Amino acid sequence: MNNDRSNRADAQESYDSEKAALQPVLTSEYAPYVYALTIGSESLYRGVSAQELLPRIKDTKTSFSELVPRIGTVDSWNKFQDGAADPILTSGVPNFLMVNAFGYWQQQDINNATATYLDDLQQAIGHIQNLAGLSTIEIWNGETGWPGDGGSDYGDAHASTVNAEKFFKTGVCAALAWGVNVFYFEAFDESWKPNSVGDTGAEGDETHWGAFTDSRTPKFSLNC
């Protein structure tokens with residue numbers, strides 16, 4: 001459930017409406033197909049405090065944990081590493097977290113991107129486990145990836161399919177070998193997407209992040 005609006009009233013309204021929409025359809029018939037529920041999409045990164053987010057995680061757990069036993073949130077790696085999420089981590093409430101980490105968004109050259117990505121993951125996972133214990137919370141990499149040909153450069157991170165393949169083979173495959181489940185951003189190019197506008201007002205292309213083209217043709221082998 002999304003909960004990343006900075007306005008408190010809007011955030012609660014968003015949570016309430018999505019919960020209300022989910023309740024009649026998340027029944028015992030369909031629950032076996034749902035692995036986990038996450039509340040918030042980089043909410044801490046966007047300015048929602050842990051104190052605001054935690055009650056919604058608790059409420060979701062109370063409402064749905066009998067059907068879906070894994071409940072938690074997803075956020076940028078640095079929000080788990082820098083203490084912003086500590087009230088959530090020490091609450092005993094979540095048992096599932098997804099950590100987003102990108103060498104690309106750290107503006108890293110492809111030759112240093114894997115090291116940065118894995119170090120960011122390690123810092124976040126290490127902090128979570130130091131506070132919550134080694135086996136209390138199941139942790140996944142919620143997002144990582146690299147834009148292919150036609151994408152936008154970001155600092156020293158250059159968009160190309162060659163670089164996307166290198167990051168997948170050296171970074172994603174290393175995380176999988178480490179035992180971390182990874183969601184790759186993203187499966188398919190999305191040619192319909194408008195340009196994104198960053199904090200600086202600069203536009204960036206988000207249509208070429210797929211491991212496959214929008215016609216479902218693989219850009220490179222996904223075998224590790």
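Helices (H or I, at least four residues) and strands (E, at least two) are DSSP runs numbered from the N terminus. This is a predicted model, in which local features need pLDDT of at least 70, side-chain atom pairs count only at pLDDT 80 or more, and totals for chains, interfaces and linings use all residues. Residues are numbered from 1 along each chain as its sequence is written, and side-chain values use heavy atoms, with hydrogens and water left out.

**Helix α6**
- α6 has 18 residues and reaches 25 Å from its first C-alpha to its last, close to the 26 Å expected at 1.5 Å a residue (1.5 Å times one less than the number of residues).
- At F168 the helix α6 bends by about 30°, the angle between axes fitted to the seven residues ending there and the seven starting there.

**The disulfide**
- There is one disulfide, meaning a pair of cysteine sulfur atoms within 2.5 Å.
- C173 and C224 form the disulfide, with their sulfur atoms 2.0 Å apart.
- C173 lies in helix α6 (residues 161-178) and C224 in the segment after β7 (203-204), so the pair ties together parts that are 51 residues apart in sequence.
- The disulfide is left-handed because the torsion about the S-S bond of C173 and C224 is about -85°.
- C173 counts as buried at 9% relative accessibility, whereas C224 counts as exposed (over 50%) at 64%.

Note on methods. Buried means under 20% relative accessible area, exposed over 50%, partly exposed in between (1.4 Å probe, protein chains only).
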